[in-house]
Amino acid sequence: MKKTLTSLAVTASLLTAPAAMAADKLLLKTPIAFSTSLPGLGSPIPRVAEQLNLMSGGTLKMKVYEPGKLVPPFEILGAVSSGKINSGYTTAGYWAGKIPAAPLFSAVPFGPEAGEYMAWLYYGNGLTLYQEMYDQAGFNVHVLPCAIIAPETSGWFANEINSADDLKGLKMRFFGMGGKVMQKLGVATSLLPGGEIFPALEKGAIDATEFSMPAIDARLGFHKLVKFNYFPGWHQQATVFELLVNKDVWNGASDQHKAIIENACKASMTDSFAEGEAIQHDALIDNVENNGVTIKQWSPEMLELFRSTWAEVAVEESADPYFKKVLDDMNAFRDGYNLWKTNAFLPRK
């Protein structure tokens with residue numbers, strides 16, 4: 001009898017195993033905010049999708065949808081939260097109109113560089129505050145940093161900018177809190193998705209733009225219309241990109257799948273940073289030698305103007321309690337990090 005019961009149990013387990021495995025499968029349908037043709041910006045997420053499939057043995061897959069194919073870029077957060085889609089790849093800076101603190105988890109004017117940003121996220125309070133931000137705002141999402149790039153250019157202009165007066169009256173595409181700095185300096189800013197910037201420049205809807213790193217901007221063709229490219233990217237010394245997963249889907253995932261997603265995104269942070277750093281010099285050379293671009297450095301006076309204006313914006317934005325909580329925590333971490341940075345790194349020439 002015992003042998004019969006054992007045989008029945010083995011048979012039952014064999015019959016139920018496929019059902020259990022099927023229940024453990026997860027497909028993340030992931031609309032993205034940036035074209036996969038943009039290196040370091042959109043290119044990381046297909047590699048994440050590939051790794052999810054490989055590491056899980058095919059039980060965890062991601063289907064990537066190019067911008068606008070499933071959900072418009074600026075609607076990804078709401079769609080993931082509502083369950084319309086179960087995941088999305090974007091950047092928190094797009095939610096500034098909904099959540100004042102969101103840009104702090106994307107890019108901060110005169111803020112942390114990539115290494116420092118990751119240190120705060122993973123070994124400071126950054127990740128905890130990041131998730132708490134979405135929870136407090138009522139969004140049903142689980143957030144994972146999933147890519148990061150180094151400094152961007154700070155703008156493409158039709159004419160040289162030598163003083164604050166040259167900025168006044170410009171219409172410019174600008175991202176994040178740097179846009180509020182520019183507004184204070186008399187610039188009419190708008191936030192456009194990448195694919196809409198070139199047509200806006202071409203039609204005169206905007207006079208100038210910033211978007212990303214030189215190799216990424218090159219794919220969008222800004223150099224064909226505006227020839228003065230300014231550095232450094234004071235408004236985005238590093239930019240973080242996020243994978244949002246519907247929280248019900250995340251909570252229902254197996255511990256194995258959660259670990260695979262977390263580690264694939266951590267690997268993507270390294271990979272995207274390395275990719276971005278590797279390809280910029282060729283783009284800069286090509287711009288100067290073949291595209292007629294003039295590379296300009298902001299004068300010390302202009303950089304100080306941007307810095308002091310950002311300080312005003314930071315005070316104003318800190319009227320929001322959660323913005324202040326996050327910025328205070330980031331600044332406290334940066335104060336400690338600066339002791340290390342000042343002593344350990346070679347001074348810049």
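**Stop 1: strand S10**

Select residues 239-246, which make up strand S10. This is a predicted model. S10 is mostly covered, with eight of its eight residues buried. Now show the side chains. Thr239, Phe241, Leu243 and Val245 point one way from S10. Val240, Glu242, Leu244 and Asn246 point the other way. Residues of both groups are buried.

Select residues 87-90 for strand S3. S3 and S10 run antiparallel and are joined by four bridges.

Then select residues 141-149 for strand S4. Eight bridges join S4 to S10, and these two strands also run antiparallel. Pick Pro145 here; Glu242 of S10 stands opposite.

**Stop 2**

How many aromatic pairs does a search of the whole structure find? There are 19. Phe34 and Phe241 form one that is edge-to-face. Their ring centres are 5.3 Å apart, with 80 degrees between the planes.

Phe34 has 5%, so Phe34 is buried. Phe241 has 2%, so Phe241 counts as buried too.

For contrast, jump to Trp340 and Phe345. They form an edge-to-face aromatic pair, 6.3 Å centre to centre, with 80 degrees between the planes. Trp340 is exposed, with a relative accessible area of 53%. Phe345 is partly exposed, at 44%.

**Stop 3: helix H2**

Select residues 44-56, which form helix H2. Check its length with the distance tool. At 1.5 Å a residue, the 13 residues should span 18 Å. The end C-alpha atoms are 18 Å apart, which agrees.

Which residues of H2 are buried? They are Pro44, Ile45, Val48, Ala49, Leu52 and Ser56. Colour them and look down the helix axis. The buried residues fall within an arc of 140 degrees, so they line one face of H2. The general rule is that an α-helix has 3.6 residues a turn, so residues three or four places apart point the same way.

What does this set of buried residues pack against? Show strand S1 (26-31), strand S2 (60-65), S3, S4 and H10. The buried residues of H2 pack against each of these elements. Just after H2, click Gly57, which takes a positive phi of about 70 degrees.

**Stop 4: Glu275 on helix H10**

Select residues 255-290 to see helix H10, then pick Glu275 within that helix. Leave aside the neighbours within four places in sequence. Glu275 is then in contact with Pro39, Gly40, Ser43 and Arg47.

Zoom in on two of these. The side chain of Glu275 makes a polar contact of 2.9 Å with the side chain of Ser43. A polar atom of the Glu275 side chain also lies 3.2 Å from the backbone nitrogen of Gly40.

**Stop 5: strand S9**

Select residues 228-231 for strand S9. Phe228 and Tyr230 point one way, and Asn229 and Phe231 point the other. These four are buried.

Strand S5 (residues 155-157) runs antiparallel to S9, joined by three bridges. Phe157 has Phe228 as its bridge partner in S9. Strand S11 (residues 294-297) runs parallel to S9, with four bridges between them. Lys296 in S11 is the bridge partner of Tyr230.

**Stop 6: two backbone details**

Follow the chain out of S9. The peptide bond from Phe231 to Pro232 is cis, with omega near -5 degrees. Pro232 is in the loop between S9 and S10.

Last, select Phe110, in the loop between S3 and helix H4 (114-123). Its phi is near 55 degrees, a positive value in a residue other than glycine. Phe110 is buried, with a relative accessible area of 17%.

Technical notes:
Residues are numbered from 1 along each chain as its sequence is written. Side-chain values use heavy atoms; hydrogens and water are left out. A polar contact is a pair of N or O atoms within 3.5 Å; within protein, one must be able to donate a hydrogen and the other to accept it, and residues adjacent in sequence count only if both atoms are side-chain atoms. Contact means heavy atoms within 4.5 Å. Buried means under 20% relative accessible area, exposed over 50%, partly exposed in between (1.4 Å probe, protein chains only). Two strands pair if DSSP finds at least two bridges between them. The expected span of a helix is 1.5 Å times one less than its number of residues. The arc is that of the directions from the helix axis to the C-beta atoms. Rings of Phe, Tyr and Trp (its six-membered ring) pair if their centres lie within 6.5 Å; planes under 30 degrees apart count as stacked, over 60 as edge-to-face and the rest as tilted.
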